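Me: Hi! I am new to this structure and would like to learn how to read it. Could you walk me through it?

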Amino acid sequence: MFVDSQRLHIAVQKSGRLADYSRGLLRDAGLKIQNGKNALTARVDNFPIDLMFVRDDDIPTFVADGVCEFGMVGLNVLEEFALDQPEARFDVVAPLGFGRCALRIAAPEAFAYSGPEVLAGERIATSYPRLLKRFLDDRGIDATVVKMTGAVELAPRLGIARFVCDLVSTGATLEANGLVPVETVMESEAVLVRTRRALNPEKQELSENLLRRIEGVLATQESKYIMLNAPEAALGQISAILPGAEAPTIIPLAGTPGHFAVHAVCKESVFWETLQKLKAAGASAILVMPIEKMMM
Ligand code: ATP
Ligand code: ZN
């Protein structure tokens, strides 16, 4: 693959569960990505950045080798890789809030599972042999780990293994195969990884700019702008209820002495419950608005 050393490279999954979210996040961060879904790379028009579309399994290698300065990949894939190559040179910079799943051990529905001890001497099929082995070793359990690259949930039916250890989000695939999750080996979501190799000053600056933008997008996904009115006596209690807000802006309301408008950015989810609490504390005319962009 030809790599232009003057440009920053971000490895994202070519197709699969993370592909659309990864591109979407970069677009939300303001990167104008040229089209071409089947290409191996895509240029970004407004920054010296190229996207590299690869299999998720290759992303840790690309980032560790410095072929790509950044990558977006499931923590599960990254940790499995890191267990094999502890010297690999990358750092996790941020969880990305998509691709949430868990690596779980599942047993046949009819099996009376009473704890991890029952796995001793059993065969467990998985695509994540090192993560599973670590889980078993930590508990002193001696079981046979059978590596499969796909269709792990079919292993029991095929007589390859009695148990499986696979990624689960809703659990529907396991259920459809007569399996029930019994242990969680790890929780996972997509993360942004950065190479530990040194970057030249221009790339360093660009990478910091990119990080700030991505952090801005992640922050706005949860954040809301809240406006409300309240009497002076309620201001302390209201400020304490506002979730994840920094010092709110408090403005006197014209014509109603002792009453104020409170404006605040809340960096955590605002639930109906929060609104009810605000109201009970004396707030009225409460408005919650989405934030389109934010740079702190
Ligand atoms: P590739 O062709 O890139 O190798 P893949 O088949 O290995 O793709 P996908 O099935 O697209 O990978 O999953 C990519 C990542 O999505 C997983 O490694 C995991 O981090 C995340 N993910 C989220 N939910 C699930 C799920 N229910 N099953 C599998 N992966 C999930
Ligand atoms: Zn893969």
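This is a predicted model: local features need pLDDT of at least 70, side-chain atom pairs count only at pLDDT 80 or more; totals for chains, interfaces and linings use all residues.

Me: How many residues of domain 1 and domain 2 are in contact?

Reply: Ten residues of domain 1 touch eleven residues of domain 2.

Me: Where does ligand 1 lie, and why?

Reply: To place a ligand, look at who supplies its shell. Here domain 1 and domain 2 both contribute residues to the shell, so ligand 1 lies between them. Ligand 1 also sits in the largest pocket.

Me: Which residues come nearest to ligand 1?

Reply: There are 17 residues around ligand 1, and the nearest are Arg17, Arg55, Asp57, Asn76 and Ser169. Sorted by class, the shell holds five nonpolar, seven polar and five charged residues.

Me: What do the N or O atoms of Arg17, Arg55 and Asn76 do here?

Reply: Arg17 uses a backbone N or O atom, 2.8 Å from an oxygen atom of ligand 1. With Arg55, a side-chain N or O atom is 2.7 Å from a ligand 1 oxygen. Asn76 likewise has a side-chain N or O atom 2.7 Å from an oxygen of ligand 1. On its own, ligand 1 has 630 Å² of accessible area, and the protein covers 77% of that.

Conventions. Residues are numbered from 1 along each chain as its sequence is written. Chains are lettered from A and ligands numbered from 1 in the order in which they are written. Side-chain values use heavy atoms; hydrogens and water are left out. A residue is near a molecule or strand if one of its heavy atoms lies within 4 Å of it. A polar contact is a pair of N or O atoms within 3.5 Å; within protein, one must be able to donate a hydrogen and the other to accept it, and residues adjacent in sequence count only if both atoms are side-chain atoms. Accessible areas come from the Shrake-Rupley method with a 1.4 Å probe; for residues, only the protein chains shown count as cover. On a 1 Å grid over the protein atoms alone, a cavity is a set of points where a 1.4 Å probe fits but cannot get out, and a pocket is an open set with protein on both sides within 12 Å along at least five of seven lines; lining residues have an atom within 4 Å of a point. A molecule sits in a cavity or pocket if more than half of its atoms lie within 2 Å of its grid points. Ala, Val, Leu, Ile, Met, Phe, Trp, Tyr, Cys and Pro count as nonpolar, Asp, Glu, Lys and Arg as charged, and the others, Gly among them, as polar. Domain bounds come from an automatic or database domain assignment. Contact means heavy atoms within 4.5 Å.
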